[in-house]
Amino acid sequence: MVIDAITAMSINGLITNGEGSDVRKWTSEEDKISYWNIRSQYNLLIVGGNTFKTMLNTFKHRDDVTVIVLTNHPEEFQGWENKVEFSSSKPQELVDSLEKRGFNKALVIGGSYVYNSFLNSELINDFYLTIEPVVFPSGTPLFLTDIQQNFKLISIEKLNDNGTLQLTYRKVLL
Ligand SMILES: NC(=O)c1ccc[n+]([C@@H]2O[C@H](COP(=O)([O-])OP(=O)(O)OC[C@H]3O[C@@H](n4cnc5c(N)ncnc54)[C@H](OP(=O)(O)O)[C@@H]3O)[C@@H](O)[C@H]2O)c1
């Protein structure tokens with residue numbers, strides 16, 4: 001099974017700007033378009049509980065897209081039981097069970113904790129990384145732990161005149 005991830009970060013490596021939790025408030029219009037184009041290629045999304053909380057007002061349920069919310073506290077998401085699935089499995093266990101259900105690819109959509117747990121388990125294949133030309137004084141770092149992993153840049157696109165970059169990295173198998 002192929003697991004990919006997508007994120008947007010500031011030049012100084014932060015995925016939130018410290019002023020609010022909604023990522024789409026600070027990313028460019030061009031990144032939003034790119035994000036949705038990539039996300040729409042997946043019918044299985046994996047998201048952390050904190051990130052899902054930031055999406056509750058805007059999230060649109062679709063029958064053809066399975067959303068796994070990783071959380072130890074599904075009771076905090078009352079009313080969502082029929083729209084998403086809750087899991088507290090470790091990344092590899094989750095992937096094994098999804099594979100058994102016939103899924104062959106998934107997109108991890110954040111946040112930091114979940115990116116790091118999947119990276120630590122060496123489960124991320126392609127990493128779609130937008131770099132917005134901004135620097136924030138505070139926020140959530142993309143990388144939380146000492147991760148040693150090799151990726152190869154497979155595409156780079158300048159999305160706008162400000163220089164928002166869409167990078168795609170692919171895991172290098174050593
Ligand atoms: N810039 C971007 O592209 C981008 C993308 C996504 C998110 N974000 C931002 O990132 C922030 C959230 O990141 P975050 O690192 O705080 O949180 P997160 O990764 O969204 O969620 C982490 C939480 O999910 C639960 N969880 C994760 N894996 C689990 C597992 N295997 N089993 C059980 N529970 C699990 C745990 O909470 P419980 O124990 O409480 O359930 C954990 O504290 C938000 O502000 C969001 O806007 C930015």
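The model I am reading is predicted; local features need pLDDT of at least 70, side-chain atom pairs count only at pLDDT 80 or more, and totals for chains, interfaces and linings use all residues. Residues are numbered from 1 along each chain as its sequence is written.

**Sheet**

I looked up the two strands next. β2 (residues 44–48) and β5 (residues 105–108) run parallel and are joined by two bridges. Strands here are DSSP runs of E, at least two residues, and helices are runs of H or I, at least four, numbered from the N terminus. Two strands pair if DSSP finds at least two bridges between them.

I then traced the whole sheet. It is open, has eight strands and mixed pairing, and its order is β4-β3-β2-β5-β1-β6-β8-β7. β4 (85–87) and β7 (151–158) are at the edges with a single partner strand each, so one side of each has no neighbour in the sheet. On average, neighbouring strands are turned by 20° against each other, direction ignored (axes are lines fitted to C-alpha atoms).

**Helix α3**

Which residues of α3 (residues 91–100) are buried? I found P91, L94, V95 and L98. Buried means 20 or more other C-beta atoms within 10 Å of a residue's own, exposed means 12 or fewer, and partly exposed lies in between, with C-beta atoms placed from the backbone. The four cover an arc of only 95° around the axis, which puts them on the same side of α3; the arc is that of the directions from the helix axis to the C-beta atoms. The face turned away from the buried side carries exposed E93, D96 and K100.

The buried residues of α3 pack against β1, β2, β3 (66–70), β4, β5 and α4. Contact means C-beta atoms, placed from the backbone, within 7 Å. G102 follows α3 and has a positive phi, near 100°.

**Ligand shell**

I counted 26 residues around the ligand, the closest being G48, N50, T51, G110 and G111. A residue is near if its C-beta atom, placed from the backbone, lies within 6 Å. β1 (2–10), α2 (49–55) and α4 (112–120) each supply at least two residues of this shell.

**Q149**

Where is Q149? I found Q149 in the loop between β6 (124–132) and β7. Q149 is partly exposed, with 13 other C-beta atoms within 10 Å. Leaving aside neighbours within four places in sequence, Q149 is in contact with L119, E122 and K171.

Methods: Axes are lines fitted to C-alpha atoms, for helices over the stretch in contact, and angles run from 0 to 180 degrees between N-to-C directions. Two residues are in contact if their C-beta atoms, placed from the backbone, lie within 7 Å.
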